[in-house]
Amino acid sequence: MTSSQPFNKLVNLKLLYTFDDQNTFLARSSSPINARIITLPNQPPHNGLQIGCIDLKSCLNLLSSISPEFFQKEMDYSIYYKDVVEFGQPYVASGLCSNILNSNSSNIIITGTLSINILNLYQNNDNNNDNNKININKK
């Protein structure tokens, strides 16, 4: 298998998320999750960048578990994720949070850049970070 072919790898999920374009927070998964890794072409604008592809629902489940105050029943949000593959890395609309979380089959895959987790050097762990950005706006 060449490095340009997709492969699965356990990664630590790292989410930068913003509520209503105000405060930015950082969330990290407590255990590695499976991501589909793709190496982009080794030419501009991506220059061989490795990206991790994961399910948006997994990201929202992580956020609702670590920031439950934002995910109460009477609150709903429009969800946008940053597409690191598209030119200019635009935010992509993906619908209401409640619809994504309540869906039996979530098929929204988001992309994030892979990076080395410095803390793993001290823990004898070779999992990379999958860095994703999500913007959350009140309905």
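Trainee: Is C59 buried or exposed?
Mentor: C59 is buried, because its relative accessible area is 0%; buried means under 20%, exposed over 50% and partly exposed in between, using a 1.4 Å probe on protein chains only. This is a predicted model, where local features need pLDDT of at least 70, side-chain atom pairs count only at pLDDT 80 or more, and totals for chains, interfaces and linings use all residues. Residues are numbered from 1 along each chain as its sequence is written, and side-chain values use heavy atoms, without hydrogens and water.

Trainee: And C53, buried or exposed?
Mentor: C53 counts as buried too, at 14% relative accessibility.

Trainee: How many disulfides are there?
Mentor: The count is zero, taking a disulfide as a pair of cysteine sulfur atoms within 2.5 Å.

Trainee: New topic: how many aromatic pairs does a search of the whole structure find?
Mentor: Eight aromatic pairs; Phe, Tyr and Trp rings (the six-membered one for Trp) pair if their centres lie within 6.5 Å, with planes under 30 degrees apart stacked, over 60 edge-to-face and the rest tilted. F25 and F70 have ring centres 6.0 Å apart and planes at 55°, so that pair is tilted.

Trainee: How many residues apart are F25 and F70?
Mentor: They are 45 residues apart, so to speak, linking distant parts of the chain. F25 is partly exposed, at 30% relative accessibility.

Trainee: Which residues form the aromatic cluster?
Mentor: Y17, F19, F25, F70, F71 and Y77 form one cluster.

Conventions:
Helix = DSSP H or I, 4+ residues; strand = E, 2+ residues; numbered from the N terminus.
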